[in-house]
Amino acid sequence: MLAYGIICKERLSVELANAAQCFPEGWRLVFHGYGNESVIQEITELDIKHRVSISLNMVPASQQEYVVASAHIGIVLYNGISINDRLTGFSSEKLALCLQCGLPVIALNFPSYEHIRQRRCGILINSLAEMNEAISQILGDYSGYRARALSCFEELYMIEKCFDKVIVALEQLA
């Protein structure tokens, strides 16, 4: 499981690392990104079952897809305290990158993520206590979730397909 991007309390990193302690043997949570040293230290200290890896070696933007594609499932968590976090369903770069790489995703159950549930390219959870069940469900139909993740990206996130709507809107303004 890959949590890509900033490693911080506001992105539920500590809670996610704690939830990973309940992963069965063989499952691993990888944080790849950057973060505050105190949060990284807290995660390291609570990882008593060695279910968490932290990768702080940043890669150039041209290499991001390789990092994301190396995972099996993308974890896309925003805490939801601000309305901005709850509305990231079509603006989250990490969500779009996961889908582009064919990674099924696990995200919190915010209304802006409903298309993830409808297109069955990921699982929406209400709390991190549901993480293991969500992972198991995805792994049970992994090839299906991967195919639907790619399809979702192509239909909803691919700039080339979405830009036609922008052109039509601009033409209507003229």
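**Reading salt bridges and a pocket**

Trainee: Is Glu25 buried or exposed?

Mentor: Exposed means over 50% relative accessible area. The model here is predicted, and in it Glu25 has a relative accessibility of 69%, so Glu25 counts as exposed.

Trainee: Which residue forms a salt bridge with Glu25?

Mentor: The criterion is a side-chain nitrogen of Lys or Arg within 4 Å of a carboxyl oxygen of Asp or Glu. Arg51 meets Glu25 in this way, with 3.6 Å between the closest N and O atoms. The two sit 26 residues apart, Arg51 in the loop between helix 2 and strand 3, Glu25 in the loop between helix 1 and strand 2.

Trainee: How many salt bridges does the structure hold?

Mentor: Six. One of them joins Glu42 and Lys9, at 3.2 Å between the closest N and O atoms. Glu42 belongs to helix 2 and Lys9 to the loop between strand 1 and helix 1, so this pair ties together parts 33 residues apart in sequence. Another pairs Arg117 with Glu114, N to O 3.2 Å; both residues lie in helix 6, three residues apart, about one turn.

Trainee: What is the volume of the largest pocket, and which residues are closest to its centre?

Mentor: A probe the size of a water molecule, rolled over the atoms, shows where empty space is left. The largest pocket has a volume of about 280 Å³. Of its 15 lining residues, Tyr4, Gly5, Ile6, Glu93 and Lys94 are the closest to the centre. Strand 1, strand 2 and helix 5 each supply at least two lining residues. By type, the lining has seven nonpolar, five polar and three charged residues.

Technical notes:
Residues numbered from 1 in each chain as written. Predicted model: local features only at pLDDT ≥ 70, side-chain atom pairs only at ≥ 80, totals over all residues. Heavy atoms only, no water. 1 Å grid on protein atoms, 1.4 Å probe; cavity = no way out; pocket = protein on both sides within 12 Å on 5 of 7 lines; lining within 4 Å. Points joined across faces, edges and corners; volume = space filled by probe spheres on them. Helix = DSSP H or I, 4+ residues; strand = E, 2+ residues; numbered from the N terminus. Nonpolar A, V, L, I, M, F, W, Y, C, P; charged D, E, K, R; others polar. Buried < 20%, exposed > 50% of the residue type's maximum accessible area, 1.4 Å probe, protein only.
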